[in-house]
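This briefing covers aromatic contacts, charges over rings and strand pairing. The entry to be examined is shown below.

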Amino acid sequence: MRIEDIADPNSKAFDDIQVLNVDSATFKRITPAIFKKAANKLFEVENNWPFLQLLNHTYNYCRRCNNCSDRCPIFIESGGKEQYRPSYRAEVLRRMLEGKLEINPTSLRRLAELAYRCNICRRCAQACMIGADNGLITREIRKLFSQEWGIAPDALHKDGTMKQLKRGSSTGMNPDGFKHMVAYIESQIPEYFGRPLKIPVDVEGAEYLFVNNAGEYISWPHNLLAYTVLFALFEISWTLSSELMAYDAVNYGVWYDDFQFLRIAMKHAGNAASLKTKKVLIGECGHAHKCNIALMDRLPIGYKRESVLLLLEEKVRKYRHLFNSAANPYPITLHDPCNISRMLGIYEPQRNILKQVVRDFREMVPNRADNYCCGGGSGLAIMRDAPIKKWRKEVAGAKKMKQILEVFSGVPNEKIKYVCAPCSNCKAQLRDLLEDNAQNIRYTGLAEVVCNALVGLQKPLLGGEL
Amino acid sequence: MDYEKNLGGVFMPSIKVSGKSYTVDDEGYLDPRHRWSHEWAEERAKQLDITLTEEHWRVIVYLRKYTDDYGIAPLVNMVCAELEIPLVRMVEMFGEGPLKNASRIAGLERPTGCI
């Protein structure tokens, strides 16, 4: 769609999905003067100090060379739709503020929507020769609409951060629900491990406070089960916490709103102090990694944060006599979650672990910090409306799906294969991508693969009927 | 299902019960603005080709209580164990992925979060 047509309500070439469940009256109330005043706040130290330097740099110095477009899986897989270029939405904003594009309800809605046609995976920023970051612009546009006018997708705001602040988790799970879920997972352990183990909750003075996305316990309970078994064998002192918000490490604010991010981050920062733990151990969740490890650096917190992947790598190597990779004969590939691999540079530990516990490990290409996003990044994976799900499968996640099919090509369809993804969000997207596949490709977290290789495991965690 | 315009000009499915219109989201869950009722549940079940028996109602009542207490829906294995209903029977009653339809009929809110 030509950028000039963005403001034209009669031009139908935008696209067919709508992420923002917001009525036209809301956009009508944003006059050009109001919009300009609000948008200019993004460029003021008093109002936007955290990201100002990079925002100024990208906004003012991007040459619009579009090198970044060649790196963007959404732009490529859409067949080169202009409005999906990484630089396009920044350009819409520029022209609006320079008076070259009309600011009206149509152009405002489309600008807000455009911010949700991006996974904020940062492949574009990696390509830029001057270090401009159009992924940041995406996020700043989302922030502008949310912080000024409360315009944000329900999945991120009403059913996301607000639900987490009120009820303890974006899933709605309250502390009693969490304890009940943990008790249930604990009751399943003897079936797999042969003897009972306690899942520690609210234990004071443990070395690690283990935090996960709460959805992990609901959708992938075997992940916690696997970690409980592994931590017991590795003699790790750990605990979960049933304190409000401590059992849900997600912070959707990172995707769209600084205030919501801060509200949740401050609560999270207090969780470790309550149980007198010195270290917070971050489980298999990409943006919990980024929030806790990178973004929390900006807050005055008194505890260390460690990725479970590093700890697992160290222990699997030390206790290698406990594992037999013959228990994992499946061809397995590794998906690199953007927030863990590209953003934090953590990609070797997962590989080192997998190579010890599986027989047939295969690399997708490209990988590591050069990976492709699963297509569900920046909150898109939890937007489950049918048109958005379709878009995620056909456009945002298409490159990832192609990579997966490529890495397993030549393997007979009947043979069970796995995509290992140490990130809940990626697993949710992979579940959608793989739901109709005819090649028997399944997905899994990392702990399940490791635990499955334990000598003496009574019941396998992988394989079997779906 | 009929469709009516919701916020943002998005068409949402709707169901009429006793002349009143109830919106559901596109995954078929009752809009939380509406009050659930037994009557509504019967109507919703009919649309899913399910005739509610006492056995169905045991599951529905359990789901509503669990959600009230814990904020989320239970796992299907929990329901099977607690109510002593085998999984195959749950699938016979509510279809594949039995808790999906059971949750819709029970008027639970749609699942949210990274699940």
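In chain B, the charged end of B:Arg64 sits over the ring of B:Trp36, 3.9 Å from its centre. The model is a predicted one.

**Charge over a ring in chain A**

- The ring of A:Tyr59 has the charged end of A:Arg94 over it, at 5.3 Å from the ring centre.

**Aromatic pairs**

- A pair of aromatic rings is described by two quantities, the distance of the centres and the angle of the planes.
- Over all chains, the count of aromatic pairs comes to 22.
- In one of these pairs, the ring centres of A:Phe35 and A:Phe145 are 6.2 Å apart and the planes stand at 40 degrees, so the pair is tilted; an angle under 30 degrees would count as stacked and one over 60 as edge-to-face.
- This pair links distant parts of the chain, 110 residues apart: A:Phe35 belongs to helix α2 (residues 32-41) of chain A, and A:Phe145 to helix α9 (residues 134-149) of chain A.
- Both A:Phe35 and A:Phe145 are buried.
- A:Phe35 also pairs with A:Trp149: the centres lie 6.1 Å apart and the planes are at 20 degrees, so this pair is stacked.
- Because A:Phe35 lies in helix α2 of chain A and A:Trp149 in helix α9 of chain A, the pair ties together parts that are 114 residues apart in sequence.
- A:Trp149 is buried, as is A:Phe35.
- One aromatic cluster is formed by A:Phe27, A:Phe35, A:Phe145 and A:Trp149.

- Strand β1 (residues 208-211) of chain A runs parallel to β3(A) and is joined to β3(A) by four bridges.
- Within this pairing, A:Leu281 in β3(A) has A:Phe210 opposite.
- Strand β4 (residues 304-307) of chain A also pairs with β3(A) in the parallel sense, over four bridges.
- Here A:Lys304 in β4(A) is the residue opposite A:Lys279.
- Together with helix α16 (residues 286-294) of chain A, β3(A) and β4(A) make a β-α-β unit that is right-handed.

Methods. Residues are numbered from 1 along each chain as its sequence is written. Chains are lettered from A and ligands numbered from 1 in the order in which they are written. This is a predicted model: local features need pLDDT of at least 70, side-chain atom pairs count only at pLDDT 80 or more; totals for chains, interfaces and linings use all residues. Side-chain values use heavy atoms; hydrogens and water are left out. Rings of Phe, Tyr and Trp (its six-membered ring) pair if their centres lie within 6.5 Å; planes under 30 degrees apart count as stacked, over 60 as edge-to-face and the rest as tilted. Helices (H or I, at least four residues) and strands (E, at least two) are DSSP runs, numbered from the N terminus. Buried means under 20% relative accessible area, exposed over 50%, partly exposed in between (1.4 Å probe, protein chains only). A charge sits over a ring if NZ of Lys or CZ of Arg is within 6 Å of the ring centre and within 35 degrees of the ring normal. Two strands pair if DSSP finds at least two bridges between them. A crossover is right-handed if, with the strands pointing away from the viewer, the path from the first strand over the helix to the second runs clockwise.
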